[in-house]
Amino acid sequence: MVSRVIPVDPFDLVIFGATGDLARRKILPGLFHRFAVGQMPADARIIGAARSAMAEDAFREQMRATLTEFAPDLSTQTDVLDGFLAKISYVCVDATGEQGWTELGEKLRNGVTRAFYLSVSPALFGALAANLNAHGIATPDSRLVVEKPFGHDLASAKALNADLRHSFEEHQIYRIDHYLGKETVQNLMALRFANSLWEPLWNSTHVDHVQITVAERLGVEGRGEYYDRSGAMRDMVQNHLMQLLCLTAMEPPSRLHPNAVRDEKVKVIEALEPVPQADIIRGQYRDRDGSGSYRDHAGDAKSNTESFVALKVNIGNWRWAGTPFYLRTGKKLRARTSEIVVMFRDPPHMIFPKMEGRRGNALIIRLQPDEGITLRTTIKEPGPGGMRLAEVTLDMTFADALGEQAQAQDAYERLIMDVIRGDQTLFMRGDEVEAAWAWADPIISGWEEARLAPAPYDPGSSGPEDALMLLHRDGRRWREID
Ligand code: NAP
C-alpha cells in the first residue's frame, strides 16, 4: 500500500522546554520524521524556547546531537538533517519573567498557523499562557498544546483549566494524551464505525465483558520520586485507560467532528458508576530479597502508593448495563503489552460436545507491541476424530497487512500534525478531564481514608493474586499478559 502524505499549511511552532527530555526524545524527532517524509511545507518554522541562554547555532548543534541519538536512521542522511535544522531557531525565554518575550514576538510571522507547545512543568502553564497573551504573541486562532498531567485531582484540574482558559479559548487548547495518537486507538473508531460487522454485537446482549490491560515490564526506577506522588490510578487509569474505555464504550458520534466525538466520550465518563472498594485491587511490586522493590525505587520505605491497580467498572447506560469493564495496569509485570479484549457471550445453546478450556469468541485489539487485531473463533478440530472443537485466531498485525505504511509512526508525530491542521478530535477537552477526575477522586480518597496498603506482587508476575480473583469470583479470567 502506498503511503500518502498530505502537507500541512505553513506554521510557526514554538516549543517551550525545547531543551527538556520530552522535546528531545519525542517532539523534535517526531517533527524530523514529518519533515523527512515531506509533510512539512517549505516555510514551516520551529522555534525552540527555554530558560538557558544559548546562541542559535549552539542550540542547533544540540539538536543535531539529539536527532542523531533519537532518530538515528534518518540522521545519517546529512542533507535531510541539515534541511530540518535550517528550520530551527532558538530564543531564551523565562516563563515567569520578562526575558525573551519581545524577541519571541519578533520571530513570529503573520498569516501562518501559530502554535505553542508547552513542554514544561505544568506549574508553568498558567504563567506561559498569560505571558503569551500579555505580550500580544497569542492570536485568536493560535494553538496551545499542553502535556499531562492535567491536574492531580478534580480541584487542581479545574484550577489548571481555569488558568489556561484565562488566556486561551477551549477551541485553542490541545491537551495531549499520547495514547490517543496511537494507530490502533484511532483504529478503534474505524473498526467500530466504518464496519457494519461489529456494531450490532457491541452491547451487553452480546458482549460478556471487556478487559483493558496496559502492562509494563519496567518498574519506576529513575522516576520513583515523581511516580510515588501519583501512582497507577492517577498516572495511567484516570487518563490513558479512561480514554481506551471511552473509545470502546461510546455511542457513534453523529459526525466525525472533534466536539461530536468528545461529547460522546464525556457521556461515557459521566455514566460510570461509583466503584466499591471490593472491586478495586491495588498492588506494589516487592522483590523477594528486597533489592528491587517499588519502595526502594520510590525512595520511601513506607510508601503505600500503588504500582498496580485493577478495577471492575460498570457503565450505567442502556448499551452496557450488565457488561463490566475490567481495567488493569501495572509496572514490573510479566511483559509490556497494551490491549483491549472484547469477550463475547457464549451461544445460547451449544449443540457440540463440551470443549475443555474453551475461552469463547474474543476480539483482541493490540496497541503494543505489534499493533493489530485478533479475532478468536471456534472451529472444528481438523481430522477424522469426530466433531471436536478447537479455538483458532484470525490475526491481523498491521505491520504484516499494511507493510511500510504501518511502521509505527510515533503518536507524537500524528498529534503535532493534528495541532497544525487544527483538528482537536484526538485531544482531551477540559470537561472530559474534569469528568475523569470526578470519577477517580472518590476511588482514591476511599483507599486513602481507609489507609489501605497495596498487596505485594512479584516482579515479572501478572500482579497480585487478588487481581486474578477479581475476575474469578465472576466466573471469568484475565487474558494472559504475554
Ligand atoms: P524537563 O526535562 O525537566 O524539561 C523542562 C524544560 O522546561 C527545559 O527545557 C527547561 O529549560 C524549561 N524550563 C524550566 N523552567 C523554565 C522557565 N522558567 N522558563 C522557560 N523554560 C523553562 O521536563 P520534561 O520531562 O521534558 O517534561 C515536560 C512536560 O512534559 C512536563 O509537563 C511533563 O509532565 C510532561 N511529560 C513528559 C514526559 C517525558 O517523557 N519526559 C512524558 C509525558 C509528559 P532549561 O533547560 O533551559 O532550564
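**Close-up views of a predicted model**

View 1. A polar side-chain atom of Ser52 lies 2.5 Å from an oxygen atom of the ligand, in a model that is predicted. Thr19 also contributes through its side chain, where an N or O atom is 2.6 Å from an oxygen atom of the ligand, whereas Lys148 places a polar backbone atom 3.2 Å from a ligand oxygen atom. Of the 900 Å² that the ligand exposes when taken alone, the protein buries 73%. Around the ligand there are 20 residues, of which Thr19, Asp21, Arg25, Ser52 and Val120 come nearest. Helix H1 (residues 21-36) supplies three residues, the largest share of this shell.

**View 2. Glu216, a position listed in UniProt.** The unreviewed UniProt entry lists His178, Lys182, Glu216, Asp235 and Lys331 under "binding site". Glu216 is found in the loop between strand E7 (207-215) and helix H9 (224-228), and its relative accessible area of 21% makes it partly exposed. The side chains of Glu216 and Lys331 are joined by a polar contact of 3.1 Å. Apart from neighbours within four places in sequence, the residues in contact with Glu216 are Met236, Gly330, Lys331, Lys332, Leu333, Ala335 and Arg336.

**View 3. Lys182, another position from the UniProt list.** Lys182, which the unreviewed UniProt entry also gives under "binding site", belongs to the loop between strand E6 (173-176) and helix H8 (183-193). With a relative accessible area of 17%, Lys182 is buried, because the cut-off for that class is under 20%. When residues up to four places away in sequence are not counted, Lys182 touches Gln368, Glu371 and Ala411.

**View 4. Strand E12 and its two partners.** Seven of the seven residues of strand E12 (residues 362-368) are buried, so this strand is largely enclosed by the rest of the structure. Strand E11 (residues 337-344) runs antiparallel to E12 and is joined to it by six bridges, with Glu339 standing opposite Arg366 in E12. Five bridges join E12 to strand E13 (residues 372-380), and this pair likewise runs antiparallel; here Ile364 has Thr374 of E13 as its bridge partner.

**View 5. The hairpin of E12 and E13.** Three residues lie between the strands of this hairpin, in which Asp370 takes a positive phi near 55°.

Notes:
Residues numbered from 1 in each chain as written. Predicted model: local features only at pLDDT ≥ 70, side-chain atom pairs only at ≥ 80, totals over all residues. Heavy atoms only, no water. Buried < 20%, exposed > 50% of the residue type's maximum accessible area, 1.4 Å probe, protein only. Helix = DSSP H or I, 4+ residues; strand = E, 2+ residues; numbered from the N terminus. Pairing = 2+ DSSP bridges. UniProt positions renumbered as here; feature names shortened; annotations may be inferred. Contact = heavy atoms within 4.5 Å. Polar contact = N/O pair within 3.5 Å; in protein donor to acceptor, adjacent residues only side chain to side chain. Near = heavy atom within 4 Å. Areas by Shrake-Rupley, 256 points an atom, 1.4 Å probe, with all protein chains shown as cover.
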